[in-house]
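Have the sequence and the structure open side by side. We will go from the whole fold to single residues and back.

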Amino acid sequence: MLRSCLARLRTLGALRGPRGGARPPATDTGPALRLFSSEEVILKDYSVPNPSWSKDLRLLYDQYMKKCEDGSWKRLPSYRDVAHLDSKLIKEEQMPQARIFIRSYEDGLGFEFVMFHNDVEKKTVCLFQGGPYLQGLSGWLHGGAMATMIDITSGMAASIGERIVTANLNIDFKRPVPLYSVVVINSQLYKAEGRKLFVSCDVRSVDGKTLYAEATSLFVKLDPEKSST
Ligand SMILES: CCCCCCCCCCCCCC(=O)SCCNC(=O)CCNC(=O)[C@H](O)C(C)(C)COP(=O)(O)OP(=O)(O)OC[C@H]1O[C@@H](n2cnc3c(N)ncnc32)[C@H](O)[C@@H]1OP(=O)(O)O
């Protein structure tokens, strides 16, 4: 049942992930996209404001939504990456649980974020607010949580609609990030060389004055000829 449903969605291009084919327009901030009411396939979009979002996060969100109006930037919805799941690697019954971005907590407790992508400039910006379940040292965000956000933001900048993996990620943590604060993660694809995609990234405060982290990463397109297991 699930397989046939997914196949239908793929045929319609509805599950091609954030960059591909059919998706709601950039201005669509509705909480869920109901595709087939009879089959109850609901793709909830978490990349929209919820009551846990701080004023800073909402203001930045509004600024980027404004940039989306001329089509240069696009808001990336948070839909589960069902279309890119490999049925050889994951069981069919596990698929509905799998999602590419970590949103497993209630609103505000974990990862609150929205990403915007500029395809011409090869840039992805993530507006991120880390909640209390992501604490490392008391009052500060855990570095691993920050690393996760850097990884997926950089991955989106590198993503070209193919399966890519992080091969290398280097991070300099410059300042601790206070819990609940909003940071802006800027990533840019600066070089593509065969299967290799090189991305730079920095993490800054909302006013841009505090540099929290800098990173470089290498993503590699998976070679369909090689087994990844
Ligand atoms: C639209 C798509 C999805 C939408 C959502 C997207 C969001 C994305 C978010 C993603 C976020 C989540 C992401 C995740 O969480 S991905 C999960 C974490 N990452 C992994 O599990 C990756 C594991 N590693 C591998 O699978 C293989 O090692 C890969 C595939 C990377 C390469 O093995 P493969 O056998 O295929 O190729 P190769 O060995 O010939 O290497 C090829 C080239 O690369 C160079 N090289 C390799 N490694 C390194 C290194 N460490 N430093 C420097 N260079 C390195 C290598 O020298 C060679 O260069 P050259 O000799 O050709 O010049």
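In which loop is Y180 found? Y180 is in the loop between β6 (164-173) and β7 (182-193). Before going further, note that this is a predicted model: local features need pLDDT of at least 70, side-chain atom pairs count only at pLDDT 80 or more, and totals for chains, interfaces and linings use all residues. Residues are numbered from 1 along each chain as its sequence is written.

Back to Y180. Its phi is near 75°, a positive value in a residue other than glycine. Most residues other than glycine have a negative phi. Y180 has 17 C-beta neighbours inside 10 Å, so Y180 counts as partly exposed. The cut-offs are these: a residue is buried if 20 or more other C-beta atoms lie within 10 Å of its own, exposed if 12 or fewer, and partly exposed in between, with C-beta atoms placed from the backbone.

K122 is another such case. It is not a glycine, yet has a positive phi of about 55°. K122 sits in the loop between β4 (111-118) and β5 (123-130). K122 is partly exposed, with 17 other C-beta atoms within 10 Å.

Now the whole protein. It has three helices and nine strands. Helices (H or I, at least four residues) and strands (E, at least two) are DSSP runs, numbered from the N terminus. From that end, the elements run α-β-β-α-β-β-β-α-β-β-β-β. Of the 229 residues, 28% are buried. Contacts are counted between residues whose C-beta atoms, placed from the backbone, lie within 7 Å. Among contacts between residues at least 6 apart in sequence, 63% join residues at least 24 apart.

What is the order of the seven strands in the open sheet? The order is β3-β4-β5-β7-β8-β9-β6, with antiparallel pairing. The edge strands are β3 (74-76) and β6, each pairing on one side only. Two strands pair if DSSP finds at least two bridges between them. Neighbouring strands of this sheet are turned by 20° against each other on average, direction ignored. Take one pair from the sheet. Strands β8 (residues 196-205) and β9 (residues 211-221) run antiparallel and are joined by nine bridges. R204 stands opposite L211 in β9.

Helix α2 (residues 55-67) lies across β3, β4, β5 and β7. It runs at about 160° to β5. Axes here are lines fitted to C-alpha atoms, for helices over the stretch in contact, and angles run from 0 to 180 degrees between N-to-C directions. The 13 residues of α2 should span 18 Å at 1.5 Å a residue; the expected span is 1.5 Å times one less than the number of residues. The end C-alpha atoms of α2 are 19 Å apart, which agrees.

Which residues of α2 are buried? They are L57, L60 and Y61. These cover an arc of only 105° around the axis, which puts them on the same side of α2. The arc is that of the directions from the helix axis to the C-beta atoms. The buried residues of α2 pack against β4, β5 and β7. On the other side of the helix, K55, D62, Q63 and K66 are exposed.

End at L109, in the loop between β3 and β4. L109 has 14 C-beta neighbours inside 10 Å and therefore counts as partly exposed. Leaving out residues up to four places away in sequence, L109 touches G131, P132 and Y133. K191 is 82 residues from L109 along the chain, and their C-alpha atoms are separated by 36 Å.

Terms used. Two residues are in contact if their C-beta atoms, placed from the backbone, lie within 7 Å.
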